[in-house]
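Biologist: Please walk me through the features of this fold. I would like to learn how to read each one.

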Amino acid sequence: MSPFLLTRTLPEDATDAALRADVLQGLTRTPKVLPPKWFYDARGSDLFEEITRLPEYYPTRAEREILIARSAEIAEVTGARTVIELGSGSSVKTRHLLDELPDPLHYVPVDVSESALSGAAESLLAARPELRVHALIADFTAGLALPGTPGPRLVVFLGGTIGNLLPAERAAFLTSVRSLLEPGDALLLGTDLVKDTSVLVRAYDDAAGVTAAFNKNVLSVMNRELGADFDPADFAHVALWNQEHEWIEMRLRARRDLTVKIPELDLVVHVDAGEEVRTEVSAKFRQEGVRAELSAAGMELTHWWTDSEGRFALSLATA
Ligand code: AVJ
């Protein structure tokens with residue numbers, strides 16, 4: 001098995017500083033907000049994996065269906081020699097695509113989690129020793145310095161995670177992706193689609209309560225990392241459809257008046273009974289919106305593939 005390279009572009013303490021800044025800002029403004037990226041400690045990542053297997057949570061299965069059906073075509077039209085995956089996690093879905101691309105192939109998984117990157121690299125290399133893996137520990141929303149691997153390059157951003165960004169953040173993100181692309185390179189983007197409201201809400205408020213536990217996990221993260229004394233039982237999980245913005249919102253609603261200490265921030269936070277902290281936005285898309293956002297960032301939508309039920313889309317765009 002060839003060794004894989006691991007490059008850290010994120011200082012060891014960057015996550016710490018970013019969490020502090022986000023919690024301080026988010027809990028001292030009205031309405032209170034916390035960014036969704038703080039769900040994903042080890043337990044949060046396990047809970048998300050569990051979510052992807054829930055009967056109500058269709059996006060993972062729908063996207064996998066598209067990848068299985070279309071990877072050969074994606075490989076053919078892109079001719080990619082390097083695949084750069086943003087927020088690669090375990091890289092399991094991406095295997096379908098990598099398997100269609102011939103050696104020598106370079107794979108650049110980008111994630112904030114070093115353990116996810118080394119685990120993914122190890123299992124990929126066990127199956128395909130010739131793969132050249134150059135993992136990057138990096139925050140892909142910040143702007144990336146990519147290794148000098150051969151083109152054409154295919155940048156891949158799956159799972160519908162782009163929906164976690166607010167419109168202005170999405171525009172900035174797509175512009176930074178565009179800046180990575182040279183002529184002949186492409187972007188493969190996964191987006192969940194607008195559909196029946198009850199189907200959407202159920203996907204974020206499952207009967208088994210896994211999404212509720214995932215949502216409340218951000219409280220445990222603040223307790224552990226910042227010494228806070230949140231009691232998850234003081235909050236109710238809320239998932240709602242925001243019709244104006246066409247996004248799902250997750251919130252944590254206080255069941256009573258609360259006073260929470262966050263010693264590491266020298267902060268005391270008051271939460272009124274019924275007050276809600278927005279913990280996630282998960283935007284849902286339409287083809288025309290995706291096309292317009294890509295175009296505003298200087299890219300052109302060339303292919304649009306959906307699953308058989310039209311729930312989820314993969315878009316291919318060129319610079
Ligand atoms: C991993 C961001 C795509 O927005 O659907 C799942 C996260 N939140 N259930 C999503 C999530 C609640 C998920 N993404």
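**Reading the model, feature by feature**

Modeller: Ser 91 counts as buried, because 23 C-beta neighbours fall inside 10 Å and the cut-off for buried is 20 or more. Bear in mind that this is a predicted model.

Biologist: Where is Ser 91 found, and what is its phi?

Modeller: Start with the general idea. Most residues other than glycine have a negative phi, and most peptide bonds are trans. Ser 91 is not a glycine, yet its phi is positive, about 65 degrees. It is found in the loop between strand E2 (82-86) and H4.

Biologist: Which other residue has a positive phi although it is not a glycine?

Modeller: Asp 266, with a phi of about 55 degrees. Its place is the loop between strand E9 (258-262) and strand E10 (267-271).

Biologist: Is Asp 266 buried or exposed?

Modeller: Exposed, because 8 other C-beta atoms lie within 10 Å and 12 or fewer is the limit for that class.

Biologist: Now the peptide bonds. Which bond at Pro 104 is cis?

Modeller: The bond from Asp 103 to Pro 104 is cis, and its omega is near -5 degrees. Pro 104 sits in the loop between helix H4 (95-98) and strand E3 (106-111). Gly 151 and Pro 152 are also joined by a cis peptide bond, with omega about -5 degrees. Pro 152 belongs to the loop between strand E4 (132-137) and strand E5 (153-157).

Biologist: How far is Gly 151 from Leu 181 in space?

Modeller: The C-alpha to C-alpha distance is 9.6 Å, with the two residues 30 apart in sequence. Leu 181 lies in the loop between H6 and strand E6 (186-192). Leu 181 is buried, because it has 21 other C-beta atoms within 10 Å. Not counting residues up to four places away in sequence, Leu 181 touches Val 155, Leu 187 and Ala 319.

Biologist: Which residues touch the most other members of the largest nonpolar core?

Modeller: That core has 62 residues, and those with the most contacts are Val 83, Tyr 107, Val 110, Val 155, Val 156, Leu 187 and Leu 188. A second, separate core has 20 residues, including Leu 19, Leu 27, Ala 228 and Leu 252.

Biologist: What does Tyr 107 contact?

Modeller: Leave aside neighbours within four places in sequence. Tyr 107 then contacts Val 83, Leu 98, Leu 124, Leu 131, Arg 132 and Val 133.

Biologist: And helix packing. How do I read that?

Modeller: Two packed helices are described by the angle between their axes and the distance between the axes. Take helix H6 (residues 167-180) and helix H9 (residues 287-296): the angle is about 55 degrees, and the axes are 8 Å apart. H6 and H9 are therefore oblique to each other. Their crossing is right-handed. Arg 170, Ala 171 and Leu 174 of H6 meet Glu 293, Leu 294 and Ala 296 of H9. By class, this contact holds four nonpolar, no polar and two charged residues.

Biologist: At what angle do H2 and H8 pack?

Modeller: Helix H2 (residues 42-52) and helix H8 (residues 210-226) pack at about 155 degrees, with axes 9 Å apart. H2 is therefore roughly antiparallel to H8. The crossing of H2 past H8 is left-handed. From H2, Arg 43, Gly 44, Leu 47, Phe 48, Glu 50 and Ile 51 make the contact; from H8, Val 210, Thr 211, Ala 213, Phe 214 and Asn 217 do. The classes are six nonpolar, three polar and two charged.

Methods:
Residues are numbered from 1 along each chain as its sequence is written. This is a predicted model: local features need pLDDT of at least 70, side-chain atom pairs count only at pLDDT 80 or more; totals for chains, interfaces and linings use all residues. A nonpolar core is a set of buried Ala, Val, Leu, Ile, Met, Phe, Trp, Tyr and Cys residues joined through C-beta atoms within 7 Å. Two residues are in contact if their C-beta atoms, placed from the backbone, lie within 7 Å. Axes are lines fitted to C-alpha atoms, for helices over the stretch in contact, and angles run from 0 to 180 degrees between N-to-C directions. Helices (H or I, at least four residues) and strands (E, at least two) are DSSP runs, numbered from the N terminus. Angles under 35 degrees count as roughly parallel, over 145 as roughly antiparallel, 65 to 115 as roughly perpendicular and the rest as oblique. A crossing is left-handed if the near helix is turned anticlockwise from the far one by less than a right angle, and right-handed if clockwise. Ala, Val, Leu, Ile, Met, Phe, Trp, Tyr, Cys and Pro count as nonpolar, Asp, Glu, Lys and Arg as charged, and the others, Gly among them, as polar.
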